[in-house]
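Look over the sequence and the model first, then read on.

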Amino acid sequence: MNRIKLRTMVDEDINLFKYWLYKPHVAKWYTDPESWLDEFNKRNNEFNWIHHFIAEVDGVAIGFCQYYDCSLSGETWYNVVNVKETYSIDYMIGEEEYLGKRFGTEIILALEEVVKAKTEAKKIIVQPERTNIASRNALLSAKYMFDEVNDIYYKNLI
């Protein structure tokens, strides 16, 4: 049972997003909030390859997620052969009362469905911080595999 609905982020979400980014449980992992805000603010030009969403439960905004084509990102943290067919995701729960209740896994699975529906992706990869046990467990619950050599989680979509 997926309780999460994703909706595209809009300008009116920026203050809520900023509020979440500065919460201690989020700021621990999203260490440069201004760069996240900058990406969102430039989503219609410089960062138009990143797709941002708000995660909701029963109409209540509880978190943020996004996906992007790895071949467009310029990032080098991953080591994959067919980077053009590979996407990455980011996610977080901003509202504390929704932590520890499997909503992280549900956000991952909902975002995965969006990636499958809107792209030609064959693989999704994610690299949470080694000490972010909650994120790593959410990925495992969503049936992602761990690649120890590259320190990434991945799921083949085909």
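How are H1 and H3 oriented to each other: roughly parallel or roughly antiparallel? H1 and H3 are roughly antiparallel to each other. The model is predicted: local features need pLDDT of at least 70, side-chain atom pairs count only at pLDDT 80 or more, and totals for chains, interfaces and linings use all residues. Residues are numbered from 1 along each chain as its sequence is written, and side-chain values use heavy atoms, with hydrogens and water left out.

**H1 and H3**
- Helix H1 covers residues 14-21, and helix H3 covers 33-41. Helices (H or I, at least four residues) and strands (E, at least two) are DSSP runs, numbered from the N terminus.
- The axes of H1 and H3 come within 10 Å and cross at roughly 160°. Axes are lines fitted to C-alpha atoms, for helices over the stretch in contact, and angles run from 0 to 180 degrees between N-to-C directions.
- Angles under 35 degrees count as roughly parallel, over 145 as roughly antiparallel, 65 to 115 as roughly perpendicular and the rest as oblique.
- H1 supplies Ile14, Phe17, Lys18 and Leu21 to the contact, including Phe17, while H3 residues in it include Trp36 and Phe40. Contact means heavy atoms within 4.5 Å.
- Seven residues of this contact are nonpolar, one is polar and two are charged. Ala, Val, Leu, Ile, Met, Phe, Trp, Tyr, Cys and Pro count as nonpolar, Asp, Glu, Lys and Arg as charged, and the others, Gly among them, as polar.

**Nonpolar cores**
- The largest nonpolar core has 28 residues; Ile4, Tyr67 and Val115 are among those with the most contacts inside it. Such a core is a set of buried Ala, Val, Leu, Ile, Met, Phe, Trp, Tyr and Cys residues joined through side-chain atoms within 4.5 Å.
- Elements giving two or more residues to this core include strand S3 (60-69) and helix H5 (103-118). H5 gives the most, with seven residues.
- A second, separate core has 14 residues, Phe17 and Trp20 among them.

**H5 and H6**
- The axes of H5 and H6 come within 8 Å and cross at roughly 55°. H5 is therefore oblique to H6.
- Gly104, Thr105 and Ile108 of H5 meet Ala138, Leu139 and Ser141 of H6.

**Asp32**
- Asp32 sits in the loop between helix H2 (24-27) and H3.
- Asp32 is partly exposed, at 41% relative accessible area. Buried means under 20%, exposed over 50%, and partly exposed in between (1.4 Å probe, protein chains only).
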